[in-house]
Amino acid sequence: MRIVQKIVFYFEMRSFGVCEWWAKKLGIRSSKVRLGFIYASFLTLGSSLFIYLMMAWILEHKHYFKPKKSKSQSIWDI
């Protein structure tokens with residue numbers, strides 16, 4: 001039983017926040033988004049789980065996808 005608690009704790013701490021991020025963007029509760037993912041995974045035979053994991057990976061590494069803000073140089077800085 002102890003190992004199951006460790007696994008559950010790991011996934012709770014490492015939950016990627018995909019549903020929370022979508023809920024914040026859409027202005028709805030995150031429980032509705034989670035429920036939507038659950039229903040979609042039943043209807044699409046689990047392919048929405050793959051989409052969820054892709055979104056989780058992107059959210060985890062979003063700093064790689066944001067364009068870097070560079071200080072634009074003017075002609076006088078040359």
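The protein has 5 helices and 0 strands, where helices (H or I, at least four residues) and strands (E, at least two) are DSSP runs numbered from the N terminus. Along the sequence the pattern reads α-α-α-α-α. This is a predicted model, in which local features need pLDDT of at least 70 and side-chain atom pairs count only at pLDDT 80 or more, while totals for chains, interfaces and linings use all residues. Residues are numbered from 1 along each chain as its sequence is written, and side-chain values use heavy atoms, with hydrogens and water left out.

**Surface and contacts overall**

Of the 78 residues, 13% count as buried; buried means under 20% relative accessible area, exposed over 50% and partly exposed in between, with a 1.4 Å probe and protein chains only. The protein exposes about 7,500 Å², and carbon and sulfur atoms supply 67% of that area. Accessible areas come from the Shrake-Rupley method with a 1.4 Å probe; for residues, only the protein chains shown count as cover. Among contacts (heavy atoms within 4.5 Å) between residues at least 6 apart in sequence, 40% join residues at least 24 apart.

**Helix packing**

Two helix pairs that involve α4 are described here. Axes are lines fitted to C-alpha atoms, for helices over the stretch in contact, and angles run from 0 to 180 degrees between N-to-C directions.

Helix α2 (residues 18-26) packs against α4 at an angle of about 85°, with the axes 9 Å apart. α2 is therefore roughly perpendicular to α4, on a scale where angles under 35 degrees count as roughly parallel, over 145 as roughly antiparallel, 65 to 115 as roughly perpendicular and the rest as oblique. On the α2 side the contact consists of V18, C19, W21 and W22, which meet Y52, M55, A56 and L59 of α4. By class, this contact has 8 nonpolar, no polar and no charged residues. Ala, Val, Leu, Ile, Met, Phe, Trp, Tyr, Cys and Pro count as nonpolar, Asp, Glu, Lys and Arg as charged, and the others, Gly among them, as polar.

The axes of α3 and α4 come within 8 Å and cross at roughly 135°, so these two helices are oblique to each other. Here F37, A40 and S41 of α3 meet S48, Y52 and M55 of α4. The contact of α3 with α4 has 4 nonpolar, 2 polar and no charged residues.

S48 lies in helix α4 and is buried, with a relative accessible area of 7%. Leaving aside residues up to four places away in sequence, S48 touches F37, A40 and S41.

**Aromatic pairs**

Rings of Phe, Tyr and Trp (its six-membered ring) pair if their centres lie within 6.5 Å; planes under 30 degrees apart count as stacked, over 60 as edge-to-face and the rest as tilted. By this rule there are 2 aromatic pairs.

| Pair | Centre distance | Plane angle | Class |
|---|---|---|---|
| W21 and W22 | 5.1 Å | 80° | edge-to-face |
| F37 and Y52 | 5.2 Å | 80° | edge-to-face |

F37 lies in helix α3 and Y52 in helix α4, so their pair ties together parts that are 15 residues apart in sequence. F37 counts as buried at 19% relative accessibility. W21 is partly exposed, with a relative accessible area of 34%, and W22 is also partly exposed, at 30%.

**The loop between α3 and α4**

L45 is placed in the loop between α3 (30-43) and α4 (47-60). The phi of L45 is near 55°, a positive value in a residue other than glycine. At 79% relative accessibility, L45 counts as exposed.
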